Amino acid sequence: MNPVDLYEAASALPTPWNSRVLGRVGTAAVKVLRMDGRPLPVEVHDAAELLLVLDGRLELLVEDVELTLGPGEVYRVAAGARHAVRPGSTGTLVLVEEAG
């Protein structure tokens with residue numbers, strides 16, 4: 001695998017909130033996406049996911065608890081946890097998703 005510029009990869013995406021798989025580590029997919037301030041509905045996954053904010057901020061609701069993540073901060077959403085993106089999330093986000 002060649003080096004990947006995460007900011008360039010995110011800015012090349014056609015629309016916000018559509019991720020691109022950059023590679024895999026074992027069975028986990030490493031993805032990047034752009035956030036544009038819009039909220040996303042509640043979702044639940046069979047596997048855990050790791051969220052890393054590169055720039056901007058991520059406004060989350062996890063099991064009815066509001067969280068704000070800033071640049072360089074990471075959060076692990078447990079498998080089966082109800083979570084949603086709240087309004088105001090902007091910037092670049094890296095996701096690591098385990099195979100479910």
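**Terms behind a salt-bridge network**

Modeller: R86 and E59 are both buried. This is a predicted model, in which local features need pLDDT of at least 70 and side-chain atom pairs count only at pLDDT 80 or more, while totals for chains, interfaces and linings use all residues. Residues are numbered from 1 along each chain as its sequence is written, and side-chain values use heavy atoms, with hydrogens and water left out.

Colleague: What makes R86 and E59 a salt bridge?

Modeller: The closest N and O atoms of R86 and E59 are 2.5 Å apart. A salt bridge requires a side-chain nitrogen of Lys or Arg within 4 Å of a carboxyl oxygen of Asp or Glu, so the pair qualifies. R86 lies in the loop between strand 7 (83–85) and strand 8, and E59 in strand 4 (residues 49–62), 27 residues away. Through shared partners, salt bridges join R57, E59, E66 and R86 into one network.

Colleague: Why is K31 called buried?

Modeller: Its relative accessible area is 17%. Buried means under 20%, exposed over 50% and partly exposed in between (1.4 Å probe, protein chains only), so K31 is buried. The K31 side chain meets that of E97 in a salt bridge at 2.7 Å, N to O. That pair links distant parts of the chain, with K31 in strand 2 (residues 28–36) and E97 in strand 8 (residues 90–97), 66 residues apart.

Colleague: How do you know which class R38 falls into, buried, partly exposed or exposed?

Modeller: R38 has 42% relative accessibility and therefore counts as partly exposed. D36, at 33%, is also partly exposed. The side chains of R38 and D36 form a salt bridge of 2.8 Å, N to O.

Colleague: How many salt bridges does the structure hold?

Modeller: Five.

Colleague: What makes the chain as compact as a globular protein of its length?

Modeller: The chain has one helix and eight strands, where helices (H or I, at least four residues) and strands (E, at least two) are DSSP runs numbered from the N terminus. Its radius of gyration is 13 Å, close to the 13 Å that the globule rule gives for 100 residues, so the chain is as compact as a globular protein of that length. The radius is taken over C-alpha atoms, and the rule is 2.2 Å times the number of residues to the power 0.38.

Colleague: What share of the contacts with a separation of 6 or more joins residues 24 or more positions apart?

Modeller: The share is 58%, a contact being heavy atoms within 4.5 Å. Buried residues make up 38% of the 100 residues.
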